[in-house]
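Visitor: Could you walk me through this one? I'd like to go from the chain contacts down to single strands.

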Amino acid sequence: MNRRDFFRAKSINIESNHLMVDELGDSSNTSKKITRRTNTGISKYQGTWGRDEVLHLLRRTLYGPSIAEVKDFEKLNLSQAVDKLLDTTNYTFEPPLNNYGQTTPDTQVSYGKTWVNAPFDANLEPVRKNSVKSWFWSLALKSNQSIMQKMMVFWHNHLPVQMLEVPVAANCYFYSKVLNDYALGNFKTLIRQMTLDPAMLYFLNGRLNTKDAPDENYARELQELFTLGKGPESKFTEDDVKAAARVLTGFTINFTTTPFSTMFVSKNHDTGDKQFSSFYSNTVIKGRTGVSAGLDELDDLLNMIFTVNEVSKYICRRLYKFFIYYKIDSDAEANVIEPLAKIFRDNDFEIKPVLKALLESEHFYDQWNRACLIKDPYSHIAGFMRQWELELPAETEYQKLYKAYGFGAAYNSITQMNLGDPPSVSGWEAWYQVPLFHRSWITSDSLPKRNEYQDYLLWIGHKVEGFTIKVDVWKITKQFIKPNYPDDLINEAVEFLLPMDLDTTQMGSLKDILLPGGIPDYNWTDEYNAAVDSSYPNHATALSTATLKLQSLYKAIMNLSEYQLS
Amino acid sequence: MKRRSFIKAAAASTVLPVSLNGMGVKSFQESALLAALGKRSADGKVLVLIQLNGGNDGLNMVIPLDQYSNLTKARSNIVLNESKVLKTWVDNVGLHPELSELNNKLFEAKKMSIVQSVGYPQPNFSHFRATDIWMSASDSNTVLTTGWMGRYLDKQYSGFPTGYPNSTMPDPLAIQIGPLVSLGFMGPNTNMGMAITNPSSFYNLVDNNAGSVPSTPAGDELAYIRLLAQQTNQYATVIKAAASKGTNKSTLYPTGTRMNLGEQLKIVAKLISGGLKTPVYMVSLGGFDTHSAQVDGTDTTKGSHADLMAHLSQSIAAFQDDLELLGVSDRVAGMTFSEFGRRIQSNASVGTDHGAAAPLFVFGDGVQPGVIGNNPRIPTTTTVNDNVPMQFDFRQVYASVLKDWFELSSAEVKSILGTDFNTLPIFKNNAASIEDFADFMTQISIANIFPNPAMDQSTVQFRTDGGGRLKLRLYDPLGNLVHEYLDEEFSVGTQEYTMDLRGLKPGNYILQLRSNVKSVTEVLQKL
């Protein structure tokens, strides 16, 4: 069934009072209104593979996407498309650069070169911190048809660090590098490397965890947030937290290297045996001494934790909530989570096989699961820039370019997602907090700001030292197939920008923008043709009129609530 | 050439014009208070702009009863049966038979002004460009990116949106029912108006209704976002308050039709009666682009244009009725406008093509009743390219609104419209009455053109009763300037000038004599 038929079926009026007062996100309430459920699983999707499916896939896995990206993926079949998303060979990960040198001199690093390997300089920390935060935000713009950036955000949310709390900008970069190196690699290794990352050691106090003064912070989050979760099957005990803390004693930050790195101080390590609870089959991790004690015990700890099946299920549930929907009913648990978790375990915690199965599954393409994710701010803000192919200052105009990134990052932040600085070690509420989950992105403050951002870049543009970042409506319009025919233009624009179809009243309102009061279609065609061809005598006025019309049309589409869905 | 007798309207109390040449400067001092920041327009006055989308056939709406034979010749397949045209209290000015409610409730009731042949020099025939010209109040060859109402509102509420809403102005500056795309409300920094897409989205907002959504997770999320969007509309609260405090008392609003101008005006009346301080509303009726089947083949008083006239008439009459019953009619003025009129001559598809000048209505308690300007001159023989020539620039109407309704100073009006445009005696507040204005209009005239039709040359005799600078110009039927014969000062009296017509293509031309306040035209036929 194509999406039009599906979404037209059974339209109902939802009473507002019911939605606002009842617990949203509580599945028992929802099932009162929605009687149809789905029991599709992770068998490979066999249905229609067309533009709707490509758009659905790319909306969830890329930022944007752009029209060119959609066209590229349309040439592939389902497997090829997913393989392409998981392929990182074309994805280059470049460190942040000295963008501040023209206003704040840096004697160690020239303007335009990377500062991440330069010695720590307290005077330069503020500008370098600014640099890394802007740079971190910019990664979505470079996602280059790979799922990598989405996965980096997924893992950043799962394994958070607050960059503003970490007093060393370079280590914020290296934390990001850990995410990048393992985002599509091995989860167990990711956890291992993250445990040893200086920024993480700083953020969750691992560096202060010594045998005389054990600090349980990381030990707890490792189990509660990073590997096992807090579900009913996660039954590690307080004693397990204490024991794990003892395992992790001795790791600290070496402030003598450039950059600062992790070191193991044996004399701070608790060398006793660590006894774990029956949840962990009463495992004892033998205390070690010597320089490799920390790593050896860490590996034992991780091996022990990863034998628990709940680990694989927890991570798969997190992936589900990130890529599909925040409600996992018992059918989804049985038909999707369980089998995915098994793939995860069977592949020794390699992430790619899980993603491949998920993104090729009939469940992923089920009409039930389309258009139901509220875009997180990063998907909204960066996605907008990539959809509209906004031109930014040149690569070598480092100062301007990073200011442009900063602008994006600022809007990201004021719409509730300060990338690089999640509100807590639990990440952003949208991905865990009952009952609202994703709905928490949309508030009486953030929603107007989303619209304000869209309108601002569409109509006025943002100036960065004389460079204006603004939507060029013609760039996108000219990539449509028949933009000079009003019905085609509207259909194509709606298909490109919205994940759901609109009803006839909504489409009528959009048409009223191009052709007020029912004037015939050829009026738009004539205006468009004159606007794009300078040989027409009325070219200049047609160009300004048609530009205004396109801006109005696109504004109206993006002001619809449907635009906030993915 | 016949000279029509001018209208003797009931004279409103006025201040006499200060000078003879100019339209008179109002002698009361401009209020310093009005110039202050954040002050709203005088005395809570409201303007309702009624846009007729598509280009309204003015000749079928306001019918020149004194030229019926020429009218019939020019548009025999659509012209109304003369006996069916509504006669009005103004000699020789008739209305389309479907405008009876409007005639009774407003024109007969002396609450309506008809301004004849409103247009602008070098008319543009593109819907989009012409609409932009009317919305931005630009010259035909200048592109402005702000609207005249946007500029007005920016003046009254400077700094918007920063600092708004506030206690002095808690309400939207302007409301448009329909997608907010019209340039009209675009200010220098932002769009000054608020859009309510259609009447049902207004009621959804007021009733906390998300509208229909599919019964899927996507539908669930959509409903959530929509409700939140309604709540966060910064004006949601004041709109809901005004909607619940306000009401409608008229039973005359039209129903059972897809046209919803009546519904839109009903909402406007409710909000005004509910105490919303919004000074400007824009509503619209579409379908006026009657290239074909403008009338019913067997009965020209029926058909698509007739249906529009009927709906327009019923909606405006109901609106005025409602405002009177609600006790707010003294504060409200309404105005119709369209991006252009239509050709004098009809086409073979029983319709009309894009034209130029056309009449418009301004109505309300504060309006001087009557007709401003003459009936358009219909030539004896017409071609398909002939257009109704302009008598008044639409910016004169805007200037009258800004100066006489919203009580801005001349300097403020000039800064909004770009240059001085003399006001017309539309509002009771205007310095002149229609009678004075009619008298004034006799002050320049084209007395004679001989020969007419002409081949190589023709001599025009013209008169100026007040003296002053005059221009003599020749326009082609599409409104393009062909030649400017004269531009100089003349003293009181009659003048003669011989025009060289060699090289001009045969056809009907418009000869225009213009002073700094008005123009008169005659048709010159070149053989």
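Guide: A word on terms before we start: helices (H or I, at least four residues) and strands (E, at least two) are DSSP runs, numbered from the N terminus. Also keep in mind that this is a predicted model.

Visitor: Where does A:Gln46 sit?
Guide: Take the helices of chain A as landmarks, with α4 covering residues 51-61.

Visitor: Is A:Gln46 buried or exposed?
Guide: The cut-off for exposed is over 50% relative accessible area. A:Gln46 has 70% relative accessibility, so the residue counts as exposed.

Visitor: And what separation is there between the C-alpha atoms of A:Gln46 and A:Ile315?
Guide: Along the chain, these two are 269 residues apart.

Visitor: On to the interface: how much area do chain A and chain B bury between them?
Guide: Start with the contacts, where 56 residues of chain A touch 41 residues of chain B. Carbon and sulfur atoms carry 67% of the buried area. The total buried between the two chains is about 4,200 Å².

Visitor: Which residue of chain A meets B:Glu221 in a salt bridge?
Guide: Across the interface of chain A and chain B there are three salt bridges, along with seven residue pairs in polar contact. On the side of chain A that touches chain B, the elements giving two or more residues include α1 (3-8), β1 (11-13) and α26 (539-559) of chain A. By class, that side has 30 nonpolar, 17 polar and nine charged residues. As for B:Glu221, its side chain is 3.0 Å, N to O, from that of its salt-bridge partner, A:Arg439.

Visitor: Turning to chain B, what share of its residues count as buried?
Guide: Chain B has 13 helices and 20 strands. Among its contacts between residues at least 6 apart in sequence, 72% join residues at least 24 apart. Of the 527 residues in chain B, the buried share is 61%.

Visitor: Which residue just after α4(B) takes a positive phi?
Guide: Helix α4 (residues 127-136) of chain B is mostly covered, with ten of its ten residues buried. Among them are B:Phe128, B:Arg129, B:Asp132 and B:Trp134. Just past that helix, phi is about 60° at B:Ala137.

Visitor: Which residue is the bridge partner of B:Gln51 in β10(B)?
Guide: In a regular strand the side chains alternate between the two faces of the sheet. On β1(B), B:Val46, B:Val48, B:Ile50 and B:Leu52 point one way and B:Leu47, B:Leu49, B:Gln51 and B:Asn53 the other, all of them buried. Seven bridges join β1(B) to the parallel strand β10 (residues 332-338) of chain B. In β10(B), B:Gln51 has as its partner B:Phe337.

Visitor: And in β9(B), which residue is the bridge partner of B:Asn53?
Guide: β1(B) also pairs with β9 (residues 280-286) of chain B, in the parallel sense and over seven bridges. There, the partner of B:Asn53 is B:Gly286.

Visitor: Last one: why is one side of β2 and of β3 of chain B left without a neighbour in the sheet?
Guide: Three strands of chain B make an open antiparallel sheet in the order β2-β4-β3. β3(B) pairs with β4 (residues 93-95) of chain B over two bridges, and B:Lys87 stands opposite B:Gly94. β2 (62-64) and β3 (86-87) of chain B each lack a neighbour on one side because they stand at the edges, each with a single partner strand.

Definitions and conventions: Residues numbered from 1 in each chain as written. Chains lettered and ligands numbered in written order. Predicted model: local features only at pLDDT ≥ 70, side-chain atom pairs only at ≥ 80, totals over all residues. Heavy atoms only, no water. Contact = heavy atoms within 4.5 Å. Buried area = accessible area lost by both parts, 1.4 Å probe. Salt bridge = Lys/Arg side-chain N within 4 Å of Asp/Glu carboxyl O. Polar contact = N/O pair within 3.5 Å; in protein donor to acceptor, adjacent residues only side chain to side chain. Nonpolar A, V, L, I, M, F, W, Y, C, P; charged D, E, K, R; others polar. Pairing = 2+ DSSP bridges. Buried < 20%, exposed > 50% of the residue type's maximum accessible area, 1.4 Å probe, protein only.
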